[in-house]
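The following report describes selected features of a two-chain model. Please consult the sequence and structure alongside the text.

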Amino acid sequence: MLSTGGLQSGPGARSSDMLFNSIAYLLFFPAVLLTDMVLHRWPWARKAFLLGASYFFYANWDWRFLGLIWTSTIVDWFVGRGLGRSERPRTRKLLLAASLGVNLGLLGFYKYFDFFAESANALLESVGLEGHLPVLRLLLPVGISFYTFQTLSYSIDIYRGRLAPARSFLDFALFVGFFPQLVAGPIVRAADFLPQLRQNRRARPYEISRGLYEILAGLIKKVVIADVVGNQLNRPFYDHVGLAFSEPTHGLEGFGTGGALLAIVGFSVQIYGDFAGYSQVAIGTARCMGFRLPTNFRNPFMARTTAELWTRWHISLSSWFRDYLYIPLGGNRSGEGRTRRNVMLTNLVSGLWHGAGWNFIVWGGLNGAGIVWNRRSRLRRERLGIARRDGPVAQACQRLATFGYFAVVMSIFRRPPSASDLPVEFQRQGVTVTPGEHYGGLFRALLRFDDWSLPAGVQTPAVLMLFAGLALEVISFYRSRDIRRAFLRLPPEAQGALLLLALGLVGQMATTRTPFIYFQF
Amino acid sequence: MGRRLPHLLRIAAGGAAALLLANLLADVAGLRWLGTGDREHLMAVQQFADGDRDVDAVFYGTSVSRNAAVPLVIEERLRDLLGREARVWNLGLPGSTPEVARFYARELFRRDRPRLFVLEASPFLWNAHRVDSQGGLTYWRWFADPLDVARRLPELDTARLSAAIRGLNHGAEALWNLPFYLARRPQLDAARLENPRGGNYDYEVLWHEDLPAPDERDLRRGRRRVRPLVLEEAWRRVLLAVGEECRRKGIRLVVLHYPKHPRLVREFAPGDHRRLVRWISENTRAAGGVFVDLDGDPAWALQDADFRDFVHYSPTGARRFSRRLAEEILAPMLRDD
C-alpha cells in the first residue's frame with residue numbers, strides 16, 4: 001500500500017487497483033468505450049454493459065463492498081417508488097427516514113464508528129471513568145461518502161416533489177454505480193443524470209476529443225503537478241516538521257519560514273491537483289461516452305473571498321450541502337445570527353464528511369469562520385455605503401489573501417505522519433509524532449521568520465512544479481476556453497499526436513503510483 | 001458507430017505516428033535512456049549490442065557484480081596473462097532480475113561473443129521476492145519490444161505490463177525529460193561520482209545497525225525480521241534457458257558466487273544461504289554451466305576494508321578482487337577456451 005503522504009487511513013493503492021492513473025485503466029477505458037459504441041443501438045444492453053463494467057471497476061478494490069452499493073441502490077429504488085405512489089405524509093416521512101437511516105447508517109458505521117468510540121473512550125478516561133467502547137478498525141469502503149450522498153439526494157428530491165422516481169431499475173442502478181464518478185465524484189444529481197440515460201445519449205466526435213482532452217489535462221494535474229509536489233516537497237517537510245521541533249537529534253535546518261511557506265502552499269496545490277485532476281478525468285471519461293457530469297472545480301485559487309472560493313471548490317459537494325443542509329436549516333432567511341449559525345453548522349458537517357478526525361472538524365470550522373467573516377465585511381460595507389474596491393491591484397490582493405487563508409487552513413487538513421512515515425532511526429526508537437507536535441512544529445516553523453532554506457529531501461523540480469501549478473491556474477482562469485477550443489479545432493490526427501506527447505509527459509513523471517487523496521473520503 | 005469510430009481511428013493514427021516519430025528521434029539523438037538513473041549502464045548495453053569486436057567476458061548481475069568486477073582492471077591483467085588484447089563488459093544493473101540475463105543471452109549475444117558469461121549467484125539476483133522492486137521491471141521497462149510484450153502478455157502482471165507500455169512510449173518520455181536532464185546534469189554527474197553505487201538499496205541503515213545473528217527462537221517469536229528468500233520455478237527455467245542459449249552460441253556460462261561480508265549472511269534466516277548455494281549449483285549444472293563458489297572458499301575471504309557496506313565492495317576491494325579474479329579464474333578459463 002502506498003502512503004498518501006500523511007493522509008493515512010482509508011484505502012491505498014495496490015498493484016491491482018484500477019486507478020485513473022494506472023495502466024489497468026488505460027486498458028479498461030478504451031475497451032469500455034469501444035463496446036459502448038458497438039452496443040449503442042441497443043439501449044438496454046448498453047446500460048447493462050456499463051453497469052457491469054462499473055461493478056467490475058469497483059470490485060478491483062474490494063468486491064465485498066459491492067454489497068453496500070447494492071444495498072444503497074435497492075433501498076433507495078424502493079423508497080423512490082414508494083414515495084412516487086404514496087400521498088400520505090406519514091408514509092412518505094417513514095420512507096424518507098428509511099433512506100436516511102440506511103444510507104447515513106452505513107456511512108456512519110463504516111466511517112465514523114471508530115472515531116466516535118475512540119473520542120468517547122478518551123472523554124470518559126479524562127473524567128476518571130473507564131472507556132470500554134470497542135474500536136473495530138474497519139476498512140473504509142471506497143466511494144461510500146459519494147454514492148450514499150447521490151442516493152440520498154434522489155430520495156429527498158422525490159420526497160420534496162422535485163423529481164419523479166426513476167422508471168427503470170437499470171437506469172437507477174447505473175446512476176448510482178456509473179464508474180467515472182463512483183469512487184470520488186463529482187456527486188451527480190438524479191435530475192441531471194437520469195434524463196441522459198433515458199435519452200440514450202451518445203458522444204458526437206467533438207465530444208470524444210473533448211473528453212480525451214479533459215482526461216489528459218486531469219492526468220497532468222494529478223501526476224505531473226500533485227504527485228511531484230506531494231512526494232518531493234510536502235512529504236519530506238510534513239513527515240519531519242513535528243520531529244524537527246520535538247526531537248533534539250533531528251535538527252532544525254530547513255524547517256523555517258521558507259520551508260513552511262512552500263509546504264503550506266504546496267499542500268493546497270497538491271490536493272487541488274489531485275482532486276480536480278480526478279474530477280476532470282471522470283468528466284472526460286463520461287464525456288467520451290456522451291454523458292455530462294457536473295463541473296466540480298472552477299479555478300478556486302482565483303476566488304476573491306472565502307465564500308466565493310467554496311462556490312468554486314468541490315462544487316458538487318458544496319451545492320449538495322447548500323441544498324440539503326444549509327437551506328433546510330433556514331439558510332439566510334432567518335436573520336443574521338441564524339445565518340451565521342447555519343454557515344458554521346454546514347461547514348462543520350462538511351469537515352466531518354471529509355474524514356473522521358478532529359482536524360477535519362477544525363478545518364471545517366475555520367472555513368465556516370472565513371465565510372462568516374466575508375459576510376460580516378460585506379454587510380458592514382453595505383451599511384456604511386462603502387463600495388468594494390475592484391481595481392486590478394485590489395483584486396490581486398483579495399485573491400492573495402483568500403488563497404493565503406485557504407492554504408493555511410488546508411494545512412490542518414493534512415494529518416500528522418503515521419509511525420511508518422517517519423525516518424527509520426526514529427521508527428526503531430518507537431518515536432511517534434502527536435498532533436500537537438505536528439501542527440505546533442508547522443506553525444513554529446512558519447513563525448520563526450528566519451531560515452529560508454529548503455529542508456533536506458525537498459527537490460528542486462517539486463518547487464518548479466509548485467509554481468507551474470499556480471501559473472497553470474492563472475492561465476486557465478483567463479485562457480482555459482481558448483486553449484481547449486484551439487485543441488478541438490485541430491484535425492483529429494494532430495489531436496492524437498498531442499495527446500500522445502502529453503501521455504509521455506505523464507509517463508515520464510509517474511515514478512510512483514500515488515493513489516488519489518479523495519478516495520479515502 | 002456512425003462518425004465516432006472513424007474519428008477515434010484518426011486520433012489513434014495521429015498518436016501512433018507521433019509515437020513512432022518520437023521513438024525514432026529519441027533513438028537517433030541518443031536520448032533513449034534519459035529517463036533512468038542507470039543511464040550509463042543501459043548505454044553500455046546498447047554499445048555492447050552495436051559493437052562488433054570480440055569480447056572475452058560479460059558480467060551480469062545486480063549492483064553486487066556491478067560494483068565488484070572492474071572491467072579495466074580485469075582487461076589489464078588478462079592482457080598481461082594472455083599476451084593479447086582483452087575486452088570485458090560489466091553489464092550489471094542494480095536491482096535487476098534474471099530476465100535481463102535471458103534477454104542478453106537471447107538477443108545481445110552472438111556466436112562466441114562473449115566467450116564467458118559471468119552470472120552473479122547472490123540472493124539479490126535470484127530471490128523471487130525482489131521482483132516487485134523497480135529494478136525488477138528493468139527488462140520490461142527498457143528492453144522488451146512490442147512483439148515480446150504481445151507474445152508474453154498472458155504471463156505479465158500489472159506492474160510489468162505498466163513498465164512495458166511505458167517502455168513503448170519511451171521517445172515521448174525522453175523528449176519531456178530532456179530539459180530536466182540538462183538542468184540537473186551537473187548535479188547528476190556529481191552525485192554519480194560521489195555515490196557510484198546508485199541508490200537502489202538503503203545500505204546506510206544496515207551499516208549503522210549492529211545486529212546480532214538471528215537464532216531460531218528469535219525468529220519464531222517474531223523479534224527479528226530477516227530478508228526473505230524465495231526460490232521459484234520461473235527463475236530456474238530462466239537459468240536453464242540462459243544455459244541453453246549459451247550452449248547454442250558457444251558461450252561458456254559461469255555462475256559466480258562473490259565473497260560476501262559475514263554480516264550479510266546473518267540478515268537471512270539461518271540456512272537460507274546454504275539453500276541458495278545448493279539451488280544455484282544444482283541448476284547451474286543442469287544448465288551446463290560452471291558454478292564457482294568463491295564465498296565458500298576461505299582463501300578468497302575479504303577484509304572489512306574491501307567492503308563499502310555489507311553487500312558492495314569498496315573501490316579498493318573491487319580492484320583487488322578483480323585482479324585476482326582475472327588471474328585465478330578468468331585467465332585459465334579463457335586459455336582453455
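Two strands are taken to pair if DSSP finds at least two bridges between them. The model is a predicted one, and every value below is computed from it.

## Strand S3 of chain B and its partners

By that criterion, strand S1 (residues 57–60) of chain B pairs with S3(B) in the parallel sense, over four bridges. Within this pairing, B:Val58 is placed opposite B:Phe117 of S3(B). Strand S3(B) also runs parallel to strand S4 (residues 252–257) of chain B, to which five bridges join it. There B:Phe117 faces B:Leu253 of S4(B).

How many of the residues of strand S3 (residues 116–120) of chain B are buried? Five of the five are buried, so the strand is largely enclosed by the rest of the structure. The side chains divide between two directions: B:Leu116, B:Val118 and B:Glu120 point one way, while B:Phe117 and B:Leu119 point the other way, and all are buried.

## Chain B as a whole

Chain B contains 16 helices and five strands. Of its 337 residues, 52% count as buried. Among contacts in chain B between residues at least 6 apart in sequence, 82% join residues at least 24 apart.

B:Val238 belongs to helix H13 (residues 233–249) of chain B. Its relative accessible area is 2%; because buried means under 20%, this residue is classed as buried. Leaving out residues up to four places away in sequence, B:Val238 touches B:Pro98, B:Glu99 and B:Arg102. With one of these, B:Pro98, the separation along the chain is 140 residues, whereas the C-alpha atoms are separated by 6.7 Å.

B:Arg160 is situated in helix H9 (residues 158–168) of chain B. This arginine is likewise buried, with a relative accessible area of 13%. B:Arg160 and B:Arg141 are 19 residues apart in sequence, and the C-alpha to C-alpha distance between them is 7.8 Å.

## Cavities

Three cavities of 30 Å³ or more are counted. The largest cavity has a volume of about 60 Å³. Its lining is formed by B:Val64, B:Ala121, B:Ser122, B:Phe124, B:His257, B:Tyr258, B:Pro259, B:Lys260, B:Leu264 and B:Val311. By class, seven of the lining residues are nonpolar, two are polar and one is charged.

## The second largest pocket

The second largest pocket holds about 1,400 Å³ of space. It is lined by 47 residues, of which A:Tyr213, A:Ala217, A:Lys221, A:Gln280 and A:Ser480 are the closest to its centre. The elements that each give two or more residues to this lining are helix H9 (205–246), helix H10 (257–288), helix H18 (460–489) and helix H19 (492–509) of chain A.

Which element gives the most to the lining of the second largest pocket? H18(A) does, with 16 residues. By class, the lining has 28 nonpolar, nine polar and 10 charged residues.

## Helix H15 of chain A

Helix H15 (residues 392–413) of chain A has 22 residues and reaches 31 Å from its first C-alpha to its last, which is close to the 32 Å expected at 1.5 Å a residue. Buried residues of H15(A) include A:Ala394, A:Gln398, A:Arg399, A:Phe403, A:Phe406, A:Val409, A:Met410 and A:Phe413.

A:Thr402 also lies in this helix, and is buried, with a relative accessible area of 6%. Apart from neighbours within four places in sequence, A:Thr402 is in contact with A:Ala303, A:Arg304, A:Thr305, A:Thr306 and A:Leu309.

## A loop proline in chain A

A:Pro134 lies in the loop between helix H4 (89–126) and helix H5 (144–159) of chain A. Is A:Pro134 buried or partly exposed? A:Pro134 is partly exposed, with a relative accessible area of 45%.

Setting aside neighbours within four places in sequence, A:Pro134 is in contact with A:Phe113 and A:Ala117. A:Pro134 and A:Glu118 are 16 residues apart in sequence and 8.2 Å apart in space, C-alpha to C-alpha.

Definitions and conventions
Residues numbered from 1 in each chain as written. Chains lettered and ligands numbered in written order. Predicted model: local features only at pLDDT ≥ 70, side-chain atom pairs only at ≥ 80, totals over all residues. Heavy atoms only, no water. 1 Å grid on protein atoms, 1.4 Å probe; cavity = no way out; pocket = protein on both sides within 12 Å on 5 of 7 lines; lining within 4 Å. Points joined across faces, edges and corners; volume = space filled by probe spheres on them. Nonpolar A, V, L, I, M, F, W, Y, C, P; charged D, E, K, R; others polar. Expected span 1.5 Å × (residues − 1). Buried < 20%, exposed > 50% of the residue type's maximum accessible area, 1.4 Å probe, protein only. Contact = heavy atoms within 4.5 Å.
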